[in-house]
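Welcome! Please take a look at the sequence and structure first, and then read on.

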Amino acid sequence: MSHGHSHGGHGHSHGGGHGHSHGGKQQQGPTGLSEAKMNGMFDDDQTLRQHQRMPPSDPQTLEEACESGSLSTAIMCVARGTKVDRSDDAVGATPMHWAALRGHMAILRFLVDQKADVNVKDSRGQTPLFWAITENKLEAANFLLEQGADPHADDQRGCDAYSVACQHGSLAMLHLLHTFHKIDITEADDDNHNCFVWACYKGHLGLAHYLYYVHKMPHNVPDDRRRTALHWAAREGHTEICVWLVSIGLNPAQQ
């Protein structure tokens, strides 16, 4: 995984620790993002608001049509000259991103027929496949993969689709990704957190078992601050995961 991404205004912190905060500052999660914003792949309030909003009931633009699932409006917009890969909203999302997020299959097929790019990235480097994963839209993700979506593409934090699936706790999605492109157990994000660390940090024991027992993913690789999956699971209070990690050889006294 590439480590040369530009982080711009993102919340990465490459100085100081990730641990509990002091002096009234917010805690930091594995990517160095404030705990209040640590929701897997999104790292700012504006993006979270975009994804949690209700789809428009009376879509007028192509983006609104793709978000709400109005194929007729989407067709009309394209017929009037709207570009299918345009990105003019606050997070740089294209119509393909919105259709993937909501799982609107007819819209996705229409956009692909219109030569929309399945690997187009938003302003944070995230593709439509990432957006489908966040809402566990398996059918949409499967379609995008069939159309050539690259699960190894990194966002600006160095996270790929496998990491995002682990952040969101979807074993079915992770298995789907693996059927198209095998999991690379050496992959890690820009802070050297692999999928196993993300699964443990987020409390997804089943995913951690799958990665360790099925794919033999390294379980004791320290991150850039020499902290392992055990540290992150303990910090989040995931007792069952911590007990299991110790049983497979992680040392709770390791600094």
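Glu-139 is in contact with Met-105 and Arg-109, leaving aside its neighbours within four places in sequence. Keep in mind that this is a predicted model.

**Glu-139**
- Look for Glu-139 in helix α7, which covers residues 138–146.
- Glu-139 counts as exposed because its relative accessibility is 52%, and the cut-off for exposed is over 50%.
- From Glu-139 to Leu-176 there are 37 residues in sequence, while their C-alpha atoms are 10.0 Å apart in space.

**Glu-63**
- Helix α2, made of residues 62–68, is where you will find Glu-63.
- Glu-63 has a relative accessible area of 7%, so this residue is buried; the cut-off for buried is under 20%.
- Not counting residues up to four places away in sequence, Glu-63 touches Arg-86, Asp-88, Pro-95 and Trp-98.

**The whole protein**
- The protein has 255 residues, and 51% of them count as buried.
- Among contacts in the protein with a separation of 6 or more, 66% are between residues 24 or more positions apart.

Note on methods: Residues numbered from 1 in each chain as written. Predicted model: local features only at pLDDT ≥ 70, side-chain atom pairs only at ≥ 80, totals over all residues. Heavy atoms only, no water. Buried < 20%, exposed > 50% of the residue type's maximum accessible area, 1.4 Å probe, protein only. Contact = heavy atoms within 4.5 Å. Helix = DSSP H or I, 4+ residues; strand = E, 2+ residues; numbered from the N terminus.
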